[in-house]
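This report describes one protein chain, part by part. Please keep the sequence and the structure in view while reading.

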Amino acid sequence: MTGTDAHDADMMRRALALAREAMVLGEVPVGALVTFGGRIIAEAYNLRETLDDPTAHAERLALTLAGRALGTWRLDACTLYVTLEPCPMCAGAIVQGRVGRLVYGAADPKAGACRSLYRLADDPRLNHRARLTAGLLKDECGALLSQFFLGRRPTR
């Protein structure tokens, strides 16, 4: 494992810890963080239920906090780590925020907008494209989501 790979894995493990915090609150366990110069500048997890806000996805919240931390909406020198492939709303925010790099864990075949259903984060027709790393710690990320949803489904 190279230094960059090890750093990426460490960051994704931190995003997983954030996702576990969301699960404790009864939120879908998705965690996200933003780094700048290799250091974490923003962290968030899903808060849709807690805030009664349909836009309170982990990625969107982390991007807002990152912009505030840097004093700019342009996040081209930042990396966003998230445990689940971003949805169309969040992929749009990645493009609008000019995020330099996106690293995500589990694919989302029902709503993924970076590879699974759409390719918004690096679509050449748009004015910005993020460099993408998909599937980092995907098994751990997917297992956490599966555990959450198994607990929500009624037993037969």
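## Thr35 and its contacts

Leaving aside neighbours within four places in sequence, Thr35 is in contact with Met11, Ile40, Ile41, Ala77, Cys78, Thr79 and Tyr81. Thr35 belongs to strand S1. The model is a predicted one, and in it Thr35 has a relative accessible area of 3%. Thr35 therefore counts as buried, because the cut-off for that word is under 20%.

## Strand S1 and its two partners

Strand S1 covers residues 31-36, and five of its six residues are buried. Which way do S1 and strand S2 run relative to one another, parallel or antiparallel? They run antiparallel, and six bridges join S1 to S2, which is made of residues 39-45. S1 and S2 form a hairpin with two residues between the strands. In this hairpin, Gly37 takes a positive phi near 60°.

Strand S3, residues 78-84, is also joined to S1, by five bridges, and this pair runs antiparallel. Ala32 stands opposite Ala44 in S2, and Ala32 stands opposite Val82 in S3. In general, the side chains of a regular strand alternate between the two faces of the sheet.

## The chain as a whole

The chain has five helices and five strands. Read from the N terminus, the order of the elements is α-β-β-α-α-β-α-β-β-α. The radius of gyration is 15 Å, close to the 15 Å given by the globule rule for 156 residues, so the chain is as compact as a globular protein of that length. The C-alpha trace spans about 50 × 35 × 30 Å along its principal axes.

Of the 156 residues, 46% count as buried. The chain exposes about 8,200 Å², and 53% of this area is supplied by carbon and sulfur atoms. Among the contacts with a separation of 6 or more, 55% are made by residues 24 or more positions apart.

## The largest nonpolar core

How many residues make up the largest nonpolar core? The number is 43, and the members that touch the most others are Met12, Val34, Leu63, Leu80, Ile94 and Leu102. Several elements each supply at least two residues of this core, including helix H3 (58-70), helix H4 (88-96), strand S4 (101-106) and helix H5 (138-152). Helix H1 gives the most, with seven residues.

Ile94 is one of the members named above. Not counting residues up to four places away in sequence, Ile94 touches Leu63, Leu80, Pro86, Val99, Leu102, His128 and Ala130.

## Cys114 in a loop

Is Cys114 buried or exposed? Cys114 lies in the loop between S4 and strand S5 (131-134). Its relative accessible area is 0%, so Cys114 is buried.

With residues up to four places away in sequence not counted, Cys114 touches Glu85, Pro86, Ala91, Leu102, Tyr104, Arg119, Ala121, Asp122 and Leu132. Val24 is 90 residues from Cys114 along the chain, and the C-alpha atoms of the two are separated by 27 Å.

## Two residues with positive phi

Asp52 is not a glycine, yet it has a positive phi of about 50°. Asp52 lies in the loop between helix H2 (48-51) and H3. With a relative accessible area of 69%, Asp52 is exposed, because that word applies over 50%.

Arg98 also is not a glycine and has a positive phi, of about 60°. Arg98 sits in the loop between H4 and S4. At 19% relative accessibility, Arg98 counts as buried, because the value falls under the 20% cut-off.

## The aromatic pair

A pair of aromatic rings is described by the distance of the centres and the angle of the planes. The count for this model comes to one aromatic pair. Phe148 and Phe149 form this pair, with 5.0 Å from centre to centre and 80° between the planes. The pair is edge-to-face, because the angle is over 60 degrees.

Notes. Residues numbered from 1 in each chain as written. Predicted model: local features only at pLDDT ≥ 70, side-chain atom pairs only at ≥ 80, totals over all residues. Heavy atoms only, no water. Phe/Tyr/Trp six-rings, centres within 6.5 Å; stacked < 30°, edge-to-face > 60°. Buried < 20%, exposed > 50% of the residue type's maximum accessible area, 1.4 Å probe, protein only. Helix = DSSP H or I, 4+ residues; strand = E, 2+ residues; numbered from the N terminus. Pairing = 2+ DSSP bridges. Rg over C-alpha atoms; globule rule 2.2 N^0.38 Å. Contact = heavy atoms within 4.5 Å. Areas by Shrake-Rupley, 256 points an atom, 1.4 Å probe, with all protein chains shown as cover. Core = buried A, V, L, I, M, F, W, Y, C linked by side-chain atoms within 4.5 Å.
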